[in-house]
Every structure is written in C-alpha cells, then in structure tokens.
Amino acid sequence: AIRASNWIWALAISEMALPLSPSIHWIVARSLEQHAQFIVQYPDDRGPGANNHYIADMAGLAHISAALPSHEDASNWGEIAATGLSEQANLAVNAAGFSYEGSVGYHRLITELLTHGTLATMRFPSSWPASHVIDYPNQWRILTGMFKAANALQKPNGRSPQLGDHDA
C-alpha cells in the first residue's frame with residue numbers, strides 16, 4: 001500500500017516535467033489495480049484495536065481509488081478505505097492527540113498515514129458513497145491533535161527524542 005502511494009505521488013510529480021507514454025500508464029494502472037485487489041483480499045487488520053499496518057493499507061487504498069476513479073471497483077475500494085481510515089483514527093489516537101503506539105517515530109508515521117489517506121479521500125467523486133463516509137470535522141480534530149502532540153515532543157533545537165520503538 002505504501003509502495004502504491006509512492007508510485008502515485010512520484011508519477012504525478014514526474015508527469016509535470018515529462019509526460020509518460022500510454023503504455024507506462026497502463027502498466028502502472030494494472031499494477032495499482034492488483035495492489036488494491038490484494039489489500040482488499042488480505043487486509044492487515046489483526047485484532048480489534050488500532051493497527052498501523054492496517055492504517056497504511058487504508059491510506060494506500062484511498063490513493064489507489066482516487067488515482068483510478070473510472071475503475072469499476074474504485075468506488076468500493078474508496079468506501080473500504082474511508083471507513084477504515086475513519087475507524088482507525090478514532091481507535092489509534094487518544095484525547096491528548098497521541099497515538100496508541102507510545103513511540104515518537106510511530107506517532108509520526110500514523111500522523112502521516114492518516115493525513116495523506118484522508119486527503120486522498122477528498123479526491124473521491126462526490127457521487128461515490130465513500131465521499132460521505134468520513135466525518136471530516138472529527139477527522140481534522142483528531143489530526144490537529146496529532147500534529148500538536150508531535151510538535152509538543154520537539155526539543156528546543158527542533159529535534160525530537162527517540163522514545164519507544166523505532167524499529168532500529
């Protein structure tokens with residue numbers, strides 16, 4: 001899912017400088033379709049609580065849906081993604097704006113994934129049911145709290161401490 005999101009961003013940026021051939025577009029679109037099908041078939045949603053792998057899946061699925069709006073399954077993918085992002089934002093973040101992980105690095109990762117995933121849902125056509133799933137005022141409140149929490153963790157020199165797991 002993260003790879004698919006990165007491809008979409010990279011292609012969007014590169015297209016501004018040098019348009020790609022239709023065959024490249026077809027190959028990428030086909031691969032994105034396969035990514036979406038895999039995410040839907042095998043979501044990394046272990047357990048009833050928050051899960052950063054699942055958040056990444058939903059953010060990627062939101063990007064794929066927005067990038068392929070004319071695909072026959074895009075609206076369904078978008079609904080799955082928007083529902084997952086909304087649910088996970090409510091599960092993953094406490095009232096003080098900190099993520100459940102208890103780690104500075106993972107807090108930032110979850111903040112980024114929820115932000116980019118939510119922004120991708122805003123690109124969904126208004127005719128899609130998915131475009132009405134997220135309660136955006138609530139989602140922005142959660143994300144604002146996450147950004148404030150990340151900012152509060154910064155040292156005076158602008159760096160952040162390494163607290164909790166950081167997969168080193």
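Student: Is arginine 30 buried, partly exposed or exposed?
Tutor: Arginine 30 is partly exposed, with a relative accessible area of 34%. Buried means under 20% relative accessible area, exposed over 50%, and partly exposed lies in between (1.4 Å probe, protein chains only). Areas come from the Shrake-Rupley method with a 1.4 Å probe, and for residues only the protein chains shown count as cover.

Student: What should I know about the model and the numbering?
Tutor: This is a predicted model: local features need pLDDT of at least 70, side-chain atom pairs count only at pLDDT 80 or more, and totals for chains, interfaces and linings use all residues. Residues are numbered from 1 along each chain as its sequence is written, and side-chain values use heavy atoms, with hydrogens and water left out.

Student: Which residue forms a salt bridge with arginine 30?
Tutor: Glutamate 33 does, and the closest N and O atoms are 2.5 Å apart. The criterion is a side-chain nitrogen of Lys or Arg within 4 Å of a carboxyl oxygen of Asp or Glu.

Student: How far apart are glutamate 33 and arginine 30 in helix 2?
Tutor: They are three residues apart, so about one helical turn separates them. Helices are DSSP runs (H or I, at least four residues), numbered from the N terminus.

Student: And glutamate 33, buried or exposed?
Tutor: Glutamate 33 is buried, at 17% relative accessible area.

Student: How many salt bridges does a search of the whole structure find?
Tutor: It finds one.

Student: New topic. Which residues touch the most other members of the largest nonpolar core?
Tutor: Ile64 and Leu114, in a core of 37 residues. Two or more residues each come from helix 1 (2–17), helix 2, helix 3, helix 4 (74–92), helix 5 (104–121) and helix 6 (136–153). Helix 3 gives the most, with nine residues. A nonpolar core here is a set of buried Ala, Val, Leu, Ile, Met, Phe, Trp, Tyr and Cys residues joined through side-chain atoms within 4.5 Å.

Student: What does isoleucine 64 touch?
Tutor: Leaving out residues up to four places away in sequence, isoleucine 64 touches Ala4, Ile8, Leu32, His35, Ala36, Ile39 and Trp77. Contact means heavy atoms within 4.5 Å.

Student: Where does leucine 114 lie, and what is it in contact with?
Tutor: Leucine 114 lies in helix 5. It is buried, at 0% relative accessible area. Beyond its neighbours within four places in sequence, leucine 114 is in contact with Ile55, Leu85, Ala89, Val93, Leu143 and Met146.

Student: Now helix 4. What is its reach from first C-alpha to last?
Tutor: Helix 4 has 19 residues and reaches 26 Å, close to the 27 Å expected at 1.5 Å a residue. The expected span is 1.5 Å times one less than the number of residues.

Student: What covers its buried residues?
Tutor: The cover for helix 4 includes helix 2, helix 3, helix 5 and helix 6. Among the buried residues of helix 4 are Trp77, Leu85, Ser86 and Gln88.

Student: Which residues form a nonpolar patch on the surface?
Tutor: Trp9, Ile13 and Met16, with about 380 Å² of accessible area together. Patch residues have over 30% relative accessible area and no salt bridge; nonpolar side chains (Val, Leu, Ile, Met, Phe, Trp, Tyr) are joined within 5 Å, like charges within 9 Å. Methionine 16 is found in helix 1 and is exposed, at 70%.

Student: Last one. Where is glycine 47?
Tutor: Glycine 47 sits in the loop between helix 2 (22–41) and helix 3 (52–67). It counts as exposed, at 54% relative accessibility.
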